[in-house]
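Subject: Structure for you to look at

Hello,

Here is the structure I said I would pass on. Please open it first, then read the notes below it.

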Amino acid sequence: MQSAAIIPASALDGFLAELTGLDGLAAADILPAGSACAPYESDIANCSGKAAAVILPRDTAAVSAIMRAAVRHGIRLIAQGNRSGLVGAAIADGSGTQVIISLSRMRQIRSIDLANRSVIAEAGVLLSELNRQLEPQSLHFPIDIGSDPAIGGLIGANAGGSRLLRHGDVRHNLLGIEAVLADADGTVVELLAPLRKNNTGIDLKQLFVGTGGAFGIVTAATLDLKRLDQSNQTMFLALPGHAAALDVLLAFEQTFGDLLCAFEVISAAALDITLRNFPALRHPFDASAGCYALVEIASSMPGLNPLLAQQAEDLLEQLHGREQIANAAFGPAESFWPLRDNLPPAIAKEGLPLSFDVAFPRSQLAAFRDEAAQWLQHQHPLLQLYDFGHFADGGCHLIVLLPHDQVERYGIARIVALRSAIYQLVCEHGGSFSAEHGIGPLNAPYYRKYTAPKVKQISAALQHLMDPQAVLGRYRYS
Ligand SMILES: Cc1cc2nc3c(=O)[nH]c(=O)nc-3n(C[C@H](O)[C@H](O)[C@H](O)COP(=O)(O)OP(=O)(O)OC[C@H]3O[C@@H](n4cnc5c(N)ncnc54)[C@H](O)[C@@H]3O)c2cc1C
């Protein structure tokens, strides 16, 4: 992936002049460089840049007109959702030449089809708002995530979340898409048909999923909805160590099949730092353990709670007898999920977190984790490792914490070397260097290093076909 070329200021002036007075784009929807752009110039991961302008279209026709002007004047457009992405891909670089196109004013839920269990929502609709509107119908879009993304951002990143095990990622729940292409006409491709089966040729919508706005700007999507759970058991388990987690997961899958909804593993150090920094949270057990698992079993069928509870108790007894778990607690979901969701902010309170969003075949996860811990202990004894994540889908959020007093001493070069060494270990264990968050400035060097040449070549050719003038996204696949 390569950065954009610098664009002359005169091109930017021509682009902005062309937008002024366009139908569907009021003066208040165009923010020229300066303080008004500030809210759109940084994200939750503390990536920041300088936008040449921020444009806030209210409908698809306006996005198309913006695209036509951008292609004509060679202006780079960065699509932006709710800025909760964790690789910096929705933020302009520091050159002051890239224009942010924020979809945040495209917030219409165009239609809900109860009979088909589907919805057509615009790209700026927030996940929380969509699910709030669907709740009275006992439906939801089942991506469960600790942030509040927009539909366009969910698609751009192909988000996963804590219940991927049961429902899959965004790609699995996406029926259709409307997107604006980076051609001279700003062509709108309308692929919104709410079909669960449609094998009439290449499934073009997939090009826009997980590609961070590099192939077009998504303006609306048709989403497959699921029924809300009516029966649910949540439990917190103390395990002797990470090696036992896989056996426990397999036992849960054997007993509960596809009712197993979430299986999150949290290291002992990660739980300790969370409790230290959020004193209102309580440790579920009196004694600490090697690691912990937050497990949820759920079904949209009502009335199953007694059965689920009985089956879970029986299983936990067996696992305890085999010394695969040390302890277990049942409770409402709200009593355990905060222990998981407050991990990243707790860690950030004690220093500079270096985060790795990685994934493995499940059988490799514990081995990778142990090797990473040993390597760190040996090479960087002053740093602490915290890990947690969606264990059941092979996901691991690994955080190496640089205590405040070490940040200056370490410096950029040593941090880069540390990151490279961990990613090298990830690849040696057959893992992915970006499990959930896509590609952006924070991890682009590893795309260059670890992606097969043929894959890079095909991706670059596709991007050239879809965006020949290189007007979209932070990077070129090459
Ligand atoms: C506390 C926390 C927990 C999180 N947990 C998870 C998790 O469990 N699983 C997970 O997968 N992610 C997680 N994330 C990451 C993040 O929330 C997701 O990546 C989310 O999908 C980003 O959506 P957004 O609207 O904020 O998009 P942005 O950050 O604004 O953009 C993300 C990417 O999509 C592109 N994009 C945005 N809108 C469009 C559009 N209309 N058309 C084309 N491209 C577009 C952007 O250019 C960028 O490349 C978490 C983040 C936080 C802060």
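**What was found**

Of the 478 residues in the protein, 52% are buried, where buried means under 20% relative accessible area, exposed means over 50%, and partly exposed lies in between (1.4 Å probe, protein chains only). This is a predicted model, in which local features need pLDDT of at least 70 and side-chain atom pairs count only at pLDDT 80 or more, while totals for chains, interfaces and linings use all residues. Residues are numbered from 1 along each chain as its sequence is written, and side-chain values use heavy atoms, with hydrogens and water left out.

**Overall**

The protein has 14 helices and 20 strands. These are DSSP runs numbered from the N terminus: helices are H or I with at least four residues, and strands are E with at least two. The C-alpha trace spans about 70 × 60 × 45 Å along its principal axes. The radius of gyration is 23 Å, which agrees with the value near 23 Å for a compact globule of 478 residues; this radius is taken over C-alpha atoms, and the globule rule is 2.2 Å times the number of residues to the power 0.38.

Among contacts with a separation of 6 or more, 74% are between residues 24 or more positions apart. Contact means heavy atoms within 4.5 Å. The accessible surface comes to about 20,400 Å², and carbon and sulfur atoms hold 53% of that surface; the areas come from the Shrake-Rupley method with a 1.4 Å probe, and for residues only the protein chains shown count as cover.

There are 35 positive and 46 negative side chains, and the centres of the two sets lie 5 Å apart. Lys and Arg count as positive and Asp and Glu as negative, without His or the chain ends. Each charge is placed at NZ of Lys, CZ of Arg, CG of Asp or CD of Glu.

**The cores**

In soluble globular proteins, nonpolar side chains tend to be buried together. A nonpolar core here is a set of buried Ala, Val, Leu, Ile, Met, Phe, Trp, Tyr and Cys residues joined through side-chain atoms within 4.5 Å. Which members of the largest core touch the most other members? They are Phe208, Leu237, Phe252 and Phe263, out of 79 residues. Helix 12 (residues 407-428) gives the largest share of this core, seven residues. Apart from this core lies another, of 29 residues, including Phe15, Ala52, Leu77 and Leu472.

Leaving aside neighbours within four places in sequence, Phe263 is in contact with residues including Phe252, Leu294, Val295 and Phe391.

**Single residues**

Ala251 sits in helix 6 (residues 242-256). Is Ala251 buried or exposed? Ala251 counts as buried, because its relative accessibility is 8%. Not counting residues up to four places away in sequence, Ala251 touches Leu315, Leu319 and Arg322.

Asp258 lies in the loop between helix 6 and strand 14 (260-267). With 63% relative accessibility, Asp258 counts as exposed.

Asn158 is in the loop between helix 4 (151-157) and helix 5 (164-167), and at 14% relative accessibility Asn158 counts as buried. Ala470 is in the loop between helix 14 (453-466) and strand 20 (475-476), and at 27% Ala470 counts as partly exposed.

Regards
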